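Hi everyone, thanks for making time. Let's bring the model up.

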Amino acid sequence: MEKVVIIGAGAAGLTAAIYTARANLEPLVIEGMQPGGQLTTTTEVENFPGFPDGIDGTELMDKLKAQAERFGAKFLQYDAVAKADFSARPFKLEMMAGDPIEAKTVIVATGATAKYLGLESEQKFMGRGVSACATCDGAFYKDVPVVIVGGGDTACEEAMFLTRFASKVTLVHRRDQLRASKIMADRTINHPKIEMAWNSVIDEILGDDSGVTGVRIKDVNTGETKEIPASGYFSAIGHKPNTEAFAGQLDMDEVGYLIANGVKTKIDGVYTAGDVSDSVYRQ
């Protein structure tokens, strides 16, 4: 029987671990399949308080974990919650690999996962030129052209990172202006290695046995198509909340984000934190 179980080890989960551990609640953190959360897929984090020169995302998460461990937080690695039963206390968590876990209190901080367009060619070339994590895979594309799709801050950040390696980065966006913050949009548009493909969508990812060889885009106004040579294709079109394990247990919106009153869900003793319940700011 655990006093507190925190599901997720991203920024929200680890912050919850620090606070509950300092309150002598000995939290158990279930790290899931992406320990450290989405910040481990980024490089320089410039907006986290206390780091005026920025800090690497993975390094930041390692520091947060060490801080939580210092106060007594426990961590369960290489496992995730398959299904939750919040119908009565103690709450029951069915695990994907290990034994079931019972808890008096649960904090859901499972975050969100990158989305793809849904093209068959995305799945066909997954891991062979298709990615949703520039910081994970960018180094594989040194001195070759790549394409990225998206229009928000994430797409801009990923595109900027890819310029460290790729010979050219083409950013495909369905509109004639980016949704990103002005500072990120300006940096991206004015970067000498980034070319904008405005008013365009991805029609197909092209490739052969070696992997991705190019991307075919379509102009949303004229319907004309054009092929862009590329060795890599990156999706940066948003995220979906990781809430499958809580279906039928917790209230969700139409996308799947948890509905909460602050951090409280409709079930006494079940709380939420971070991106899993934030469809607007995602910070």
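This is a predicted model: local features need pLDDT of at least 70, side-chain atom pairs count only at pLDDT 80 or more; totals for chains, interfaces and linings use all residues.

Residues are numbered from 1 along each chain as its sequence is written, and side-chain values use heavy atoms, with hydrogens and water left out.

Some terms: helices (H or I, at least four residues) and strands (E, at least two) are DSSP runs, numbered from the N terminus. Buried is under 20% relative accessible area, with a 1.4 Å probe and protein chains only. Contact means heavy atoms within 4.5 Å.

So which residues of α1 are buried? They are G13, L14, A16, A17, I18, T20 and A21. Just after α1, N24 takes a positive phi of about 60 degrees.

On to α2, where G57, L60, M61, L64, K65 and A68 are buried. These cover an arc of only 135 degrees around the axis, taking directions from the axis to the C-beta atoms, so they sit on the same side of α2. Their cover includes α1, β3 (44-45), β4 (55-56) and β5. Past the end of α2, G72 has a positive phi of about 110 degrees.

Last, our glycine: G256 lies in the loop between β18 (239-241) and β19 (270-272). G256 counts as buried because its relative accessibility is 8%. Beyond neighbours within four places in sequence, G256 contacts P241 and T243.

Methods: Buried means under 20% relative accessible area, exposed over 50%, partly exposed in between (1.4 Å probe, protein chains only).
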